Amino acid sequence: MLGYYLELAIRGLRRNVMLTVLTIAAVGAGIGASMAMLTTLRAMSGDPIPEKSAQLFVPLIDVWGPQSRQGNSNSDWLPQTFTYRDAVALTKAHKGTHQAAMFRMNMDVSPPTGTPFQASGRATYADFFAMFDVPFSDGAAWGQHEDDGHQNVVVLGAKLAQRLFPDTEPLGRTVSLNARDYRVVGVVRPWTPSPRFYDLFSARRSSYGDSEDFFIPFSNAIDRQLRVQGATNCNGPPPPGWEARLNSECVWLQFWVELPTAAQVRSFRTYLEGYAAEQRESGRFHWPPLVRLYDVMGWIEHSQVLPESVRVNVVIAAGFLTVCLVNSVGLMLAKLSGRAGELGLRRALGASRSDVFLQCLTDAMVIGVLGGVLGLGLTVTGLWGLRLLRGVDGQSGAAVRLYSLDWSMVVITLLAAVAATVACAVYPALRATRVQPAWQLKAQ
Amino acid sequence: MLRALRRNQLGATLIALQIALTLAIVSNSLFIITQYVQHMRTPTGIDEANIFTFSNAWVADQTDLAARIEADLAAMRALPGVIDVEATDTFPLSGYGWGWGLRVRPEQQYPTAGANRYYVDDHALSAYGLQLIAGRWFTPQEVRPTTLNDSYASFPEVIVVTRELAKQIFPAGGALGQIVYFNPQNPARIVGIVERAQTPYMGYHEDNSSFEPLQFVDNQLYYIVRTRAGQLAQVMRSAPQRLYELTRQRVIQDFRPFSATRRQAYLEEQVNTVLLAVVSALLLAVTAFGVIGLTLYWVAQRRRQVGVRRALGARRIDILLYFHTENLLIAGSGCILGIVLGLAGNAWLLFRVDGLTRMSPGYICIGALLVLGLCQLAVLWPALRAASIPPAIATRGL
């Protein structure tokens, strides 16, 4: 029977073309706009590292005390980054399976040929790569030995490796960073968690941009006094000079720890509280120890990375979709009422109410598919337009991916179109089944 | 007419609902767009059309940074078409900056006003093209060196503030010559006031800037170059060339005219403006098509009645008016609902989005009138079709 209904539906498209076209256009426009918005929303707010997001944690310690919260509208506020002392102490304590302090910095690359250029990198410990499951295409991360020795080793990002060594094997070669040679020990694959949850506060960089160009050991970066590319917040006038800055209460470092089991989470929290209490004993703090632990999704939500405008856009797209669907219901009512004669005839010939109902729904399904295809075209156009507006196409792969359609979204779009249209058609179809065969046969 | 509407209750309700939603969304969207457009035109107070910026860093740490920076500045200032050049770290709309709370009395616990600090030298007035309205700029002797690492701990003895910041610190006026305190040990005298200088941020009311005679001596700095009118493109070519002549061992990045900085700063709002405009246009189109479609259907459904009316003496224009009035009733009730929804939506938006002001009811009423007009236009074609139904229809099929 379904095949028959499909045939009827397709042939029926030609009848009352105007209404059909308007319905398809309405569904397509509504779906197109909503899916464009949803694609972006999904890309920006999804789980960036689903297999581990519940095992990776950011601790926060109250290093500035209740005084720092006075006059702040948020009475829960804690410094979002770490002091040098705390970050290094926590890393060296080794209380989690993996842990690493880190910060983003820039260095000048002097390639063998051509002019020097600046690259953006991350200074961190060897554990970073295992902790975040960073995929390597070549070599591996450095080890504890290189961390302890403050050695000149570097792991290259895919893009920088390609730029510096287009034809040769990068492993074992040297790269000149800030006029010093670093030995390449590994090359990572293109890796762009979205959002880049471990680095949400970098200055001048979007949380959704590309990953780092290179990685060097934390101790090495500190030796070379590299400035952090991110906010440095000091609770009062900081002492001048690098050494004094390291020993001050200025916060500028990030720290992440991997705690795979709930028991480890509990014991780490205990350790953290103990650490804070210890600092209080030693006279560094004068207030009760206050600590907090966030996992990846908690941290993303806490940091409010998602631009407010994306949320507002989704609401507007939803409103637009509602209007389009309301439109479709009206148009389908109109269309089915126009077919009262034909439907009455079918009922007179023996079709049951449910037959007529199914036939109308099949009509709606066909329209839904066509509307979905149109909607898909509109979504693609819309996303292309968004990319154009933001000047994104020339940029990193990560940014382009935010505004691109992947196969799952295509399937979702088509399914949504069909589902929406069929849902809209339910009431009109029900009304159509109530058509009296006798009346229709009588009125010629 | 009301009886006809009651028979077609569902269709009429749907159209009215659609019109209401459309009015609510479109009026709010247009309102947001006007706010954004206005915001994007906020002047920074500097000579934007003739300024370009770029970052410069020498490869590897250097020991004679002060001399290198001086040499760069001197070389660029000597170029034809250049009014002045400045070496610093932040500038209006750059997106990041330094802040500090200023106090009028040293023992104050909380600051009187927050200031955005610009670290400049004696050339900055002409390098930015600022407008001095009181007092003076800095003399070369007042400028002292500092570094990015020490910037937080370096304080000047004289500062220049914007008119807005002066008003915030000294609401009663007379800021010129007064002392402000960075902290109890660091007083500074206000020696000059400029008309306007936006902070590095693109928010609302971002005009509380202070200028301090502290020159950064660091490896990586931004050069701000101001050219004579019409010479921007030419100097953008000659300046890097001249710098590379001094040494090639440098990295020049982020090279862009100020218009690009402005565009980058307001990018989010620009995108949203276009998005909202497109969605509004589509929404109006979809609603108009809905009105056309449904009215066409009603015309078809009431062919017999229209024919009877014509046979009984109604003129074409009467049929036209009939359908137009019916549409007016439906669209009218939709608009009233839409005004309510629109104002509610506006309240929600005020809650969620920064910097919007309340939409006046008059604004949305004008929108309602426009939507009514659009609906009337949309119903014209179906109504004309109805009007052309021949009276003879009435005699058929009895």
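1. A residue is termed buried if 20 or more other C-beta atoms lie within 10 Å of its own, exposed if 12 or fewer do, and partly exposed in between, with C-beta atoms placed from the backbone. By this criterion A:Ser219 is partly exposed, because 17 C-beta neighbours fall inside 10 Å. The residue A:Ser219 belongs to helix α7 (residues 218-223) of chain A. Helices (H or I, at least four residues) and strands (E, at least two) are DSSP runs, numbered from the N terminus.

2. Basis of the model. This is a predicted model, in which local features need pLDDT of at least 70 and side-chain atom pairs count only at pLDDT 80 or more, whereas totals for chains, interfaces and linings use all residues. Residues are numbered from 1 along each chain as its sequence is written, and chains are lettered from A and ligands numbered from 1 in the order in which they are written. The model scores ipTM 0.71 and pTM 0.76. For chain B the mean pLDDT (the predictor's confidence in each residue, from 0 to 100) is 88, and 96% of the residues of chain B reach 70 or more.

3. Surroundings of A:Ser219. Which residues does A:Ser219 touch, not counting residues up to four places away in sequence? They are A:Asp147 and A:His150, where contact requires C-beta atoms, placed from the backbone, within 7 Å. The C-alpha atoms of A:Ser219 and A:Asp167 are separated by 31 Å, the two residues being 52 residues apart along the chain.

4. Overall form of chain A. Chain A contains 16 helices and ten strands. Its radius of gyration, taken over C-alpha atoms, is 30 Å, while a compact globule of 444 residues would have one near 22 Å; the globule rule is 2.2 Å times the number of residues to the power 0.38. Along the principal axes, the C-alpha atoms of chain A fill a box of roughly 100 × 55 × 35 Å. Of the 444 residues, 43% are buried. Among contacts between residues at least 6 apart in sequence, 79% join residues at least 24 apart.

5. Domains of chain A. The chain is divided into domain 1 (2-48 + 307-442) and domain 2 (63-258), with bounds that come from an automatic or database domain assignment. The centres of domain 1 of chain A and domain 2 of chain A, taken over C-alpha atoms, are separated by 48 Å.

6. Helix α2 of chain A. How far apart are the end C-alpha atoms of helix α2 (residues 17-45) of chain A? They lie 41 Å apart, which agrees with the 42 Å that its 29 residues should span at 1.5 Å a residue; the expected span is 1.5 Å times one less than the number of residues. Helix α2(A) is mostly covered, with 21 of its 29 residues buried.

7. Positive phi values. Phi of A:His94 is near 55 degrees, and the residue A:His94 sits in the loop between α3 (84-93) and β2 (98-109) of chain A. Because A:His94 has 11 C-beta neighbours inside 10 Å, it counts as exposed. Phi of A:Asp133 is near 50 degrees, and the residue A:Asp133 is found in the loop between α4 (127-131) and β4 (136-139) of chain A. With 13 other C-beta atoms within 10 Å, A:Asp133 is partly exposed.

8. Contact between the chains. The interface brings 52 residues of chain A into contact with 49 residues of chain B. On the side of chain A that touches chain B, the elements giving two or more residues are α2, β3 (117-124), α8 (242-247), α11 (308-338) and α13 (353-390) of chain A. The largest share, 19 residues, comes from α11(A). The residues on this side divide into 31 nonpolar, 15 polar and six charged. Here Ala, Val, Leu, Ile, Met, Phe, Trp, Tyr, Cys and Pro count as nonpolar, Asp, Glu, Lys and Arg as charged, and the others, Gly among them, as polar.

9. Overall form of chain B. Chain B has eleven helices and 13 strands. The C-alpha trace of chain B spans about 105 × 50 × 35 Å along its principal axes. Buried residues account for 41% of the 398 residues. Of the contacts in chain B with a separation of 6 or more, 83% are between residues 24 or more positions apart.

10. Domains of chain B. Chain B is divided into domain 1 (2-41 + 267-395) and domain 2 (61-248). Between the C-alpha centres of domain 1 of chain B and domain 2 of chain B there are 55 Å.

Methods. Contact = placed C-beta atoms within 7 Å.
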